[in-house]
Amino acid sequence: MSAATDVVLNVDGLRVNAADPSGAEVPIIEDVSFSLARGEVLGIVGESGSGKSLTALSLLRLTPETLHQSGSIRVAGREVMRLSQRELQRMRGNQVSMVFQDPMTGLNPVRTVGSLLVEALRRHRRMSRAQAHQSAVAALRAVGIPSPELRVKVYPHQLSGGLRQRVMIALALLHDPAVIVADEPTTALDATIQAQIIDLMRSRVSSAGLIFITHDLGVAGQICDRIIVMYAGHIVEEGVALTLLSRPRHPYTAGLLAAAPRFDRERKPLVPIPGSPPTPYSRPAGCPFAPRCARASEVCREQRPELVPGDLSTVACWHPLSS
Amino acid sequence: MTETPVVPPRGLFRRRPSGRSRPLALFLGIGLGVVVIGGALLLMTFGHLDPGRTAPVDRLKGLGTTGHVLGTDQLGRDMLARGVAGLRWSVAVGVVSTCLVSGIGTVVGLWAASARGLVRVLLTRLIDMSLSFPSLVLAVTIMAIVGRGFWALSLTLGLVSWPIFARVVYAEAIGLMKREYILAARLLGVSGLRTVVTHVLPGIRNTLLVMWAFMFADLLIAESGLSFLGLGVPLGTPSLGGMLAESREYLAQAPHMVLVPGLTIVVIVVTANLIGDALSSRSHNVTAVVNR
Amino acid sequence: MNAMSTGQGAAAASASAAKAPVLTTEDLRVEFTVGHQTLVAVDGVSLSVAAGETLALVGESGSGKSTVALALMRAHEPDSGRIIFEGTDITHLSERRLKPVRRRLQMVIQDPYASLDPRMTIARVVAEPLVAHRWGNRRQIADRVVELLELVGLTASAMSRYPSQFSGGQRQRISIARALALEPSMIIADEPVSALDMSIQAQIINLLGTLQRERDLAYLVIAHDLALVHQISNRVAVLYLGRVVEEGTTDQVVWSPQHPYTAALLSATPTPDNPTRERIVLAGDPPSAINRPSGCVFHPRCPIARSRCAVEVPPLIEVRPGVRTACFYPGEVQPVIDASQSRPLTAKE
Amino acid sequence: MRVLVRALTRRVLQLLALLFSISTLLFFLLRISGDPALVLAGENADPEFIAHVARQYGLDQPLIVQYGNFIGHVFQLDFGRSVQSGEAALGLVLARMPATVQLAALGILINLLVAVPVGAWLGSRPHPLPRVVATGLLVVGQGVPGYVVGLLLIQIFAVKFRLLPSIGNTTLVSWILPSVTLAAFLIPRLTRVLATNVSAAMSDDYVRTARACGASKLTVVVRHALPNALLGATALVAGQFAFLLSGALITEVIFAWPGVGRLLIDSVLRLDFPVVQATVFVVAFLVFLVNALTDVLFSILDPRLRRQRG
Amino acid sequence: SSGEQKDPAGSAGGGTIRVGVDALPPGKGDPYKGIGSPEVYTHAAIYDALTLVDQHGKIQPMLATEWSQPAPTTWVFKLRDGVTFSNGEKFDAGAVVATFEYLVKDPEGSASVVAADVKTISGVKAVDPLTVEFTTAAPDAMVPARVGEVYIPAPAKFKELGMKGFANDPVGTGPFKVDSWNANLIKLSAVKNSWRAPKAAKMEIHALPDPAARFQALQSDQIDLAIQLSPDQSKQLDGSRTRADILAAAQVMSLAFITELGDSPLKKKEVREALNYAVDKESMAKNLLLGVGKPSGSGITDGAAGYNSAIKPYPYDPEKAKKLLADAGYPNGFSLKADVTVGSFPADAQIYQLMQQNLADVGVKVELRQVTFAEWLDHYLKNTWTSQAFGLSWNTLPRLDALRPMELFSCLKKPAFFCDPAVAEVLGRAAKEGDGESRNKLLAQAQQMQHDNPPALYLVQQIDITGVSSKLQGFQNINRTIPYDKMHVS
Ligand SMILES: Nc1ncnc2c1ncn2[C@@H]1O[C@H](COP(=O)(O)OP(=O)(O)OP(=O)(O)O)[C@@H](O)[C@H]1O
Ligand SMILES: Nc1ncnc2c1ncn2[C@@H]1O[C@H](COP(=O)(O)OP(=O)(O)OP(=O)(O)O)[C@@H](O)[C@H]1O
Ligand SMILES: [Mg+2]
Ligand SMILES: [Mg+2]
C-alpha cells in the first residue's frame, strides 16, 4: 500500500474513441489517468459498459481495430503508445500480461494446456521444447493445479472452470510480468472457487502490480489496496479501498453500496439508483451521473466535474458527500 | 421510470468488424439481379424474340451480326432469344425446385424439431438417412426414367435436395428451441404449434432466406448440369445447361455459344450467392451451416 | 421474519407459516441421460412454499437449482417424487390438463436478454399468455397490457418497441409483467437479478417485494448469492449436487449455519468493507453430477469429513427448531462473521 | 466398449435402412420405365424371343414377386448380371470404383492445398483491396459450373497446346485436368467458408488471450484461428468428398473417365437395371461411409468431442 | 497418352493404331451379341466372317473364297486355305460347322442377336475340310450376305471355355489379338501369321462415349481414329493434322407414322404425302450433312440389294403440302406427338428440329419427345406408343438388304405400326425368292409402293464421319468394317 515508490505503470489521459454510424468520433473512455506501483493491487469497479474492459485492453493496445486509442501509457518508464508491432508483441505476456473473464472461451479449445504454455514460454525465452515443458509443469504447479504433469496433456474443456482460470493465471505469470491486468477473473466462477482464485492471486502477485477489474464491490474490498470507480467512461472516484468503501464521497459510489444487499448486517430496504447508465452515444453533457443523481444541480447538468483530490479520496463531483 | 431506448452492446469483441463489403454485396447482388431479370423481362415482352426460329443458312453467326446481336447457334437461331428463354427456363426450374425444397425442408425440419419422442427420432433419422442419398445420381436416374420436361426436372431436383434444407432448418430450429423465450412461451401455456408459428418460424426466417438463395444457386447449377447431360430439357427448348452442352461442338468455331449461356449462369448464380451472403451476414454465421 | 423488501416484521412471517402451502414437492428426483451415462441432477428434494412467502434456493453452479425450478414447472419430467400445487398433484398431468395450472404458476427466467423474443413487440410479448389462454378480446387484452406495464413501472409507450431497445432491468420488468398477466398465485424466479447491474438489481428486488405484498404471491427464488438470499427470502434451502444439505429460516441459516458447506459458502461471500474476515476456503472443485461421491456428496471437500461420511448418506433432519441439516456433525464449522457487525437472532427492533 | 457396440449397431441399422430404402425406391422407379428384357433382345427381336429373355431374367413374374426376389438377392449383395454385358453388376461397379475414388481424393487434395492457405489469408483480414479482389474472384468462381471449367481446360491444354491429355486414366498426367476441374468447383466454397471461420475465430476470446500473450498475427492465424476454422469446415470437406463420389458425373463424362459416374449414365440410358441398382447402392454406401467416418474423424479432431480421459 | 511409336511403321510391325469408339462391345469378345456399332469396330480387328458386304453392296470373299447355289435351298461355300487362328488352331470347315451349329441349335446361341439374322439357315455340314454346305428351309437368296455377319471363333478354345469364358479371351482369325481389356481401353497386338497380317504392331481401342471427348482426343493427338463424329466437328478438322472421312451411310432417317394404333390424322394418305412435301430435305442435307447426305424418296439407298433408282425424293413444296392438308380436311393443320432418340446419328437433333420448324410452317405442330433408346425400344417392340409418330431409320446395314427395313414399315412387323397389305404381299414373295435378280425386282416394286403411299416422312440419307489423323495411313471405311490390317501410323 505504500505507494509511488516503485511505479510500474503510469496511465495519463487515456482516451478511447469509436466512430458512430455517421463517422463522427464518439468518446467511450475519457481522460483516464492512474498509476500502479509494484506489489499494489488496484481495483477498477463500475457497472457494465462503464469502460473497465476497454481500459484494461488499451493497456496492452489490444482494443479492437475499430476503436481509436490515445493518451500516454508508460510501463516501467517505456511509452507503450510508441511501440512498434514487434515491440508490442515482445511486451505482451512478458512485461504486461492479462487474465480474462471467461475461462470457458478464453483458452483455445483445440490446443492442449501444455501446448499453450509452451508456445507462450518459447515466444519470449529461448528454450528447448523439453525445457519449456518442464517450465509449463512448474507453472501449473505454482498456481495450485493438482497433478500438473497430467494436466499439461489435457484440453481446456476437460478442466473445471476454476482450474481453467488457474491456467489463465499461469499463462499470465509465466514471464514474471511487471503488470498483470485481470479483467473480472472471478465473475464467472462460483463463490467457493472465487475465494480460491482470490487467495491465489493475492499470494502469487506480490512482485508485480495487479489491476483487478470487477463489478462486485465486495470482491474489490477483499483484494484491492486502491480502488478506481468508473462510470460512463470516466473515473468518478479513486481512493484507498477500505476508506472508499466505508466512506464513499461520490454519490454513485455511495449509491452502489446502498443498492447492494449484504448478509453481514441487519436487513435494510435497498436503495436503488434510478434509471440506467448512459451509452457512449447518449452521454449527457455535464456530469454523466447527473440524470440519476439525487444531489444533482444545475451545474452538474452543464459542466463536467474534474477529479479533485480530497483527504479521503479523489472524486469528480460538484457535490461530494462529506464524510 | 424513464426508458432508455438504446442499450450498450454487451462485451467487447461480440461485434464482428462489419466489413463494408456486406452492404456492397447486397447492393451488387440485387443490382445484378434487377439488371439481368429486368432485362430479360423487357426483352421477353418487347423484344419480338423467337428462340425457336431456325434458319439453317444463318447458322453459327458470331457476335454482333446484324439482326443477331449475340449471334446464332447451329440451327441459325438467335442467341439473344435463346439466352433469354434459357434464362427463363433455368430460373423457373430453380424457383420451383427451390420452393419445393424449402417447403418440404421447412415442414420436415420444423416438425422434427418440435416433435418429441419417437416421432422426432424417426424424423431425424429420416433426414440423416436421406442425406446419404446420392442426390445427383438419383436425379440422373429419375430424369432418365420419367423423361425430360419442366415439371419432371423441377420436381426431381426438389425431391432429391430437400434433406439438406431440412437439416439446416432442424439445426436452426433446435438451436432456437433451446432459447429461453421459447421455454418461457411454453411455460406460459402457449401450445406447441403456436410456438412454432409465432416464435420459431420468424426466428429462422433469415436462415430460410439465406438458404433459399444458396439453394437456388446450387439447384440452378444442378439444373444446368442435368441439361448438359441431356437429361433436363425437352429437345429444342432452350436452357442454359442445354445450350452449353450444344456449344461443346463449337468451342473453337463459335465461342459465343459458350459465352452467352455460360456468362448468364455465372451472373445468376453470383447474384443469388451475393444476396445469400448479404443476408447471412445479417443473421449469424449461416454460411458455416450451409456446409455442403 | 421479513418479506421481500424487509422491515415488515415478524408478523407477516408467522402469518405465512400458518397458511397452507401453495406448492409442495416430495422427494423430487430428476435424472438426465448424457451420452450413455445417467446424471442425477436433483436427488430427493422436498420443499414447500406458502402464500406470501419467499423460499430461496441457493447453491453453486450445477447444483440443480434450475432443474428443480423447471421440474416444478413440468418442463423437465421428474423421475420420481410428487409435485402438489394448490392441492392438486400435477406431477403427471398432461400438457392439456396442465394449462389451467400454468395460469396460476408462472416463471421468470434468469437472463432478461434471452427470455424475450427479439422479434416481438413488447405488447405482443406481454399479451402472449393472455392470448394463449383466451383471456379476453383484443381490446381487453390491450388494456390489460397497458395496466401490466404500468404495474412494473413502464409506460404504455413501450408497447410498440422491441426488446433490444430496452436495458436489462427494463427487460426483466417486462418478464415480470408477462408472468403477472394471468394473476398467478406463485412465481418461480430463476436468478432474476444475477444478469443485472448492482444499481438495477435493487430496483427489481424492490419491485418483486412490492408485488408480493400487494398480491400475497408465493415466490420460489433461485440464487447463488447469499447476500441476495438474505435480503429477499423468508426461508432458504441450500442445494449441493442435487441434494438439499440445509434448509431453514433465512436468519437461522445465514447467522448460524449448521452444515459445513453453508458455512463455507457464507464465508466465501465477500462483503465490501470487511476484508479482514477470516474465511474458510474450500479445496477443490464441486464434483460433477455424473460421478457423484458416495455417502455425503460434500465429503471430498468437507473440512470436517470423517470416514463415516464417505459411506453413509446423512439424512436431512431437524437439528434445531426450523433448521434441517444433512450432516452428521452439524454446527462444527462456523464462519467468523465480524462480531461487531453481526446481530444475534433475537436482536430485532 | 458397450458404448462403441451400441454406436456401431445404430450405424449399421441406419445403413441397412438406407440401403433398403434406396433399393426399393430404385426398383419401382426403374420398373415403371420399361422392360429391360427388350434392350437385351434388341431391335429385331420377335415376341417369342422377348418372352424368352423375360423368362430368363424372371421378368415375367408379378412385380411383387420380382421385388421380393430382388430384395432377397440384394441382401446377398447380388444385383444380378448386367443386361448389357452379362457380367455381375456389382463387379462392374466395383471395378470402376477405384478410378472415381482416386479422382475424388485428388480433387479434394488440390482443393485443400489451395483453399486452406487462401482461406486463412482472407480470414486474417488482410488489406481491403486484395481482399475484395480475391473475394470477388471467389464469388464469380462459385458461379461457374464445374463442367465449363473442364471444357475450357480441355480446349486450352489438350486441344490448343497439346500439353495434357484429356482422356483416359492410365498415365499420371491424365489425372491433372479432371482433378483440377473438380477442385476448381470446390475451391471457392471451401475458401469462403474457411475465410469466414478464420475471421470469426479471430474474434474469439482465445485469440485475444493469445494476442495478450504476445503472439504475432501469423501465429494467431496459423496456430490458433486456423485449427478451429478447419475443424468447422470438416463437415464441408467431407460433404464435398461425398459429393465427388456421387456427383462427379459430368467431369467423368467430359474426360471419358472410366468411373462409376460414367457407368451410371451409360447404364441409365440403356436401362441396364442391375448396373444402375448396383451403382446407386454402392454410391449410397460410400456416401454413408464418408458421413460416418466424418463423425468419427470429428470426434478425433475435436478434442471437445473426445471422451473424457483421466 | 500419345503412344510412343518408336518402331517404324511397316509390315515389320510398327506403330500403334489408337482408335476412339463410343463404346467397347458390352459383351466383350462375344461376337453374337450385336451386329452393328459398337461391336463391329472391335470385333473386325479380331475376327473374320466368311464374306463381307462392301459399301456398294458387293459381297467380298473373306474366309470363304467362293460360293454357289446348287439348289434353291442349298448354298456351298469354299473356304480359304492355310488360315490359322491367333492361338494356332487351324481354320477349316469344322470351325464353320461348329459356329453355325452353335447359332442354329444351341439354346444359348440361338437366342443371340446374330442368330436371329441367320434364322433362315436350317442346317450346315462339312463337305470336305475346305467346303461347307448350308441348307435353308425356304429358298433364300441372301445367304452369302447373311454369313457375312457371322464371325468365326476358334472352335477348340470356344468349346473349352464356353461363350462366357471365351468372351473374356476371344480368339479369331483377324489381324489382332487382345492383350488386355479394361473398362475403357482394349489393348491389342498384331498377329503376325494372320492371313491378313497387319502393318501396325499394336492397337488400342479407347471407349470415348462422349462425341466431344472423342473429337478433342483426336485433335489433341491422343487417338488416330475417331469413329462417328458430327458434321460440324468434321469441319474443324482442317486436313493438316487431321482430316474427316465422310461416307454416305446405308441408312435413311425418317419419322415413322403410326396408323395402326388409335385415331390419327396420319391415317389419311394425303396427310402423309403432305408431310413429305413440307420438309426441306435439301437444306438439311446441304447445311447439316455437308452435302454428302442426300434427300431420300424412300428408305432404301443406293447399293442395297433391291434399290430402285427411279424413285426421286419428294420435292420441298410447302404450298402443295398445305393444299393436301386442306384436301384431307386439315386446313389449319393439327398437332402431333413424336418420340425420337437423339445422338444416334450425326446432327439428328438438328434435323428433327428443322423438320419440326418446317412442319410448323404448314400448320402441323410436332411435339418432339426425346426418349432414351431403351424407352423407345420398349414402345417399338411392344407397339405401346402413345404418340402418333416416332423416329426410325431405314437401315439396310450390315448386309445392305432392302427387305429388312421395308418389312419393318409394313404389316410384316409384329406388331405392326403401319400396314399396307399390298406391300406386305410383295415383300412376302421377295422373302421366299431364291433367285437374287427376281428378288431385287420385287423389292424395287415394293419400294415404289412405299414411296407412293409413304409409311414415313422420309428425311435424309445419313452419313458416317470418321476423324482420321494424318499420321494414319491406309484408312478405309467398308460399311463400318475397318480393315485394320491395312493401316499403320507414320
Ligand atoms: N468495438 C467496440 N465498438 C464500439 N463501442 C464499443 C466497442 N467495444 C465496447 N464498446 C463500448 O464501450 C463501452 C465500454 O465497454 P467495456 O466492455 O469496456 O465495459 P465494461 O465496463 O467492461 O462492462 P462489462 O462489465 O459488461 O464487462 C460500452 O458502452 C460498449 O458499448
Ligand atoms: N437438459 C439437460 N440435459 C442434461 N443434463 C442437464 C440438463 N440440464 C441440466 N443438466 C445438468 O444437471 C445439473 C444441474 O443443472 P442446473 O442447470 O439445474 O444447475 P443450476 O444449479 O441451475 O446451475 P447454474 O447456477 O449454473 O444455473 C448439471 O450438472 C447440469 O449439467
Ligand atoms: Mg468487461
Ligand atoms: Mg441455473
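**Figure 1. Aromatic pairs in the predicted model.** Over all chains, a search of the whole structure finds 38 aromatic pairs. Rings of Phe, Tyr and Trp (its six-membered ring) pair if their centres lie within 6.5 Å; planes under 30 degrees apart count as stacked, over 60 as edge-to-face and the rest as tilted. One of the pairs joins Phe328(C) and Tyr329(C), edge-to-face, at 6.3 Å centre to centre with 70° between the planes. Both Phe328(C) and Tyr329(C) are buried, where buried means under 20% relative accessible area, exposed over 50% and partly exposed in between (1.4 Å probe, protein chains only). The charged end of Arg308(C) sits over the ring of Phe328(C), 3.6 Å from its centre. A charge sits over a ring if NZ of Lys or CZ of Arg is within 6 Å of the ring centre and within 35 degrees of the ring normal.

This is a predicted model, in which local features need pLDDT of at least 70 and side-chain atom pairs count only at pLDDT 80 or more, while totals for chains, interfaces and linings use all residues. Residues are numbered from 1 along each chain as its sequence is written, chains are lettered from A and ligands numbered from 1 in the order in which they are written, and side-chain values use heavy atoms, with hydrogens and water left out.

**Figure 2. Phe79(D) and Phe281(D).** The ring centres of Phe79(D) and Phe281(D) are 4.8 Å apart and the planes lie at 65°, so this pair is edge-to-face. Phe79(D) belongs to the loop between α4 (63-75) and α5 (89-123) of chain D, and Phe281(D) to helix α13 (residues 273-301) of chain D, so the pair ties together parts that are 202 residues apart in sequence. Helices (H or I, at least four residues) are DSSP runs, numbered from the N terminus, as are strands (E, at least two). Phe79(D) is buried, at 6% relative accessibility, and Phe281(D) is buried at 9%.

**Figure 3. An aromatic cluster in chain E.** Ring pairs link Phe373(E), Trp376(E), Tyr380(E), Trp385(E), Phe390(E), Trp394(E), Phe409(E), Phe417(E) and Tyr458(E) into a cluster. The charged end of Lys413(E) sits over the ring of Tyr380(E), 4.5 Å from the ring centre.

**Figure 4. The largest nonpolar core.** This core has 153 residues, and Val140(B), Leu226(B), Leu229(B), Tyr147(D) and Leu264(D) touch the most other members. A nonpolar core is a set of buried Ala, Val, Leu, Ile, Met, Phe, Trp, Tyr and Cys residues joined through side-chain atoms within 4.5 Å. It draws at least three residues from each of domain 1 (16-74) and domain 2 (92-309) of chain D; domain bounds come from an automatic or database domain assignment. Leaving aside neighbours within four places in sequence, Leu229(B) is in contact (heavy atoms within 4.5 Å) with Val140(B), Leu249(D), Ile250(D), Val253(D) and Ile265(D). Another core, of 116 residues, lies apart from the largest one and includes Phe263(A), Leu270(A), Leu47(C) and Leu182(C).

**Figure 5. The two domains of chain D.** The C-alpha centres of domain 1 and domain 2 of chain D lie 37 Å apart. In chain D, 14 residues of domain 1 are in contact with 10 residues of domain 2.

**Figure 6. Chain C and its surroundings.** Chain C contains 10 helices and 12 strands, and 60% of its 349 residues are buried. Of the 8 pairs of chains in contact, chains A and C share the most contacts. Chain C and chain E do not touch, and their nearest C-alpha atoms are 48 Å apart.
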